[in-house]
Amino acid sequence: MTGETNHTCCRPTRRQLARIAAGTASALAPALLAPVLLKPRSASAGAVAQPARPEDDGFMRQAVDLAASNTKRFAAVIVRDGAVIARGFNPGRSAGVPRDPTAHGEMVAIRTCIAEHGAEAMHGATLYTTGEPCPMCMGAIVWCGFGRVVYGVSIDWLSTRMHQIMVPSAEIAAQAPFRTIEITGGVLLDETKALFG
Ligand SMILES: [Zn+2]
């Protein structure tokens, strides 16, 4: 062996692909799994793209205002039964705040919601966020049982300005067929874009 990668031998065989599809391929290298797992497993995939609703602008504006008033870019509000029950923004590298790379606006809002209302409050609720949820946040949104996610700018657009993990929120939801989540993007697009300069 010379140490060079032999791409032919790295390709999965038909038998390996069958094991991957069946979920029995835990011994295989993650790099081998990635291209396959990115495809929805079944027609029961859990993401449903939906158009904006009349109330969306108002709640998104609350998220935009929360970000802007704190001179931040990413903020989220959680809405249940027509009312905001939790808020959060990404503090970033704010002075006096311990650095926490997981403190995305969605995660901060979720933690606040759990602390103030309990996890049950998120079941079927809607999360509004200025930027499309990253895979970490979207995973949390799935596990928390949200019924709907509404965002402003997309991961694609954000990636032109900062590092992004290039997995759309719909793809994460599609891999969780045990949950159906409505997803609406592009709400208050001009205002959310303006947050990012
Ligand atoms: Zn995130």
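Tutor: Take helix α4, which covers residues 56–69. The model is a predicted one. Helix α4 has 14 residues, and the distance from its first C-alpha to its last is 20 Å, close to the 20 Å expected at 1.5 Å a residue.

Next comes the question of which residues of α4 are buried. They are Phe59, Met60, Ala63, Val64, Leu66 and Ala67. Viewed down the axis of α4, these buried residues fall within an arc of 160°, so they line one face of the helix. The face turned away from that buried side carries Gly58 and Ser69, which are exposed. As for what lies against the buried residues of α4, they pack against the strands β2, β3, β4 and β5, and also against α9, residues 189–195.

The chain just after α4 also deserves a look. There Thr71 takes a positive phi of about 50°, and Thr71 is a residue other than glycine. Thr71 sits in the loop between α4 and β2. It counts as exposed because 10 C-beta neighbours lie inside 10 Å, and the cut-off for exposed is 12 or fewer.

Consider the pair β2 and β3. These strands run antiparallel and are joined by 6 bridges. Within the pair, Val77 stands opposite Arg87 in β3. The two strands form a hairpin with 2 residues between them. Asp81, in the turn, has a positive phi of about 50°, although Asp81 is not a glycine. Asp81 counts as exposed because it has 8 C-beta neighbours inside 10 Å.

Beyond β3, the chain runs through a loop to α5, and Asp100 lies in that loop. With 12 C-beta neighbours inside 10 Å, Asp100 counts as exposed. The C-alpha atoms of Asp100 and Asn90 are separated by 9.2 Å, and these residues are 10 apart along the chain.

Strand β5 is another element packed against the buried residues of α4. It spans residues 148–153 and is joined by 3 bridges to β6, residues 181–184; the two strands run parallel. One of the residues in these bridges is Val149, whose partner in β6 is Ile183.

Val153 also belongs to β5. Val153 is buried, with 26 other C-beta atoms within 10 Å; the cut-off for buried is 20 or more. Leaving aside neighbours within four places in sequence, the contacts of Val153 are Gly131, Glu132, Leu158, Leu189, Thr192, Lys193 and Phe196.

In α6 (residues 135–144), the buried residues are Cys137, Met138, Ala140, Ile141, Val142 and Cys144. What covers them includes α5, β4, β5, α8 (169–174) and β6. Gly145 follows α6 and has a positive phi, near 85°.

Finally, the whole chain gives the setting for these parts. It has 9 helices and 6 strands. Buried residues make up 32% of its 197 residues. Among contacts between residues at least 6 apart in sequence, 61% join residues at least 24 apart.

Terms used: Residues numbered from 1 in each chain as written. Predicted model: local features only at pLDDT ≥ 70, side-chain atom pairs only at ≥ 80, totals over all residues. Pairing = 2+ DSSP bridges. Helix = DSSP H or I, 4+ residues; strand = E, 2+ residues; numbered from the N terminus. Expected span 1.5 Å × (residues − 1). Arc of directions from axis to C-beta. Contact = placed C-beta atoms within 7 Å.
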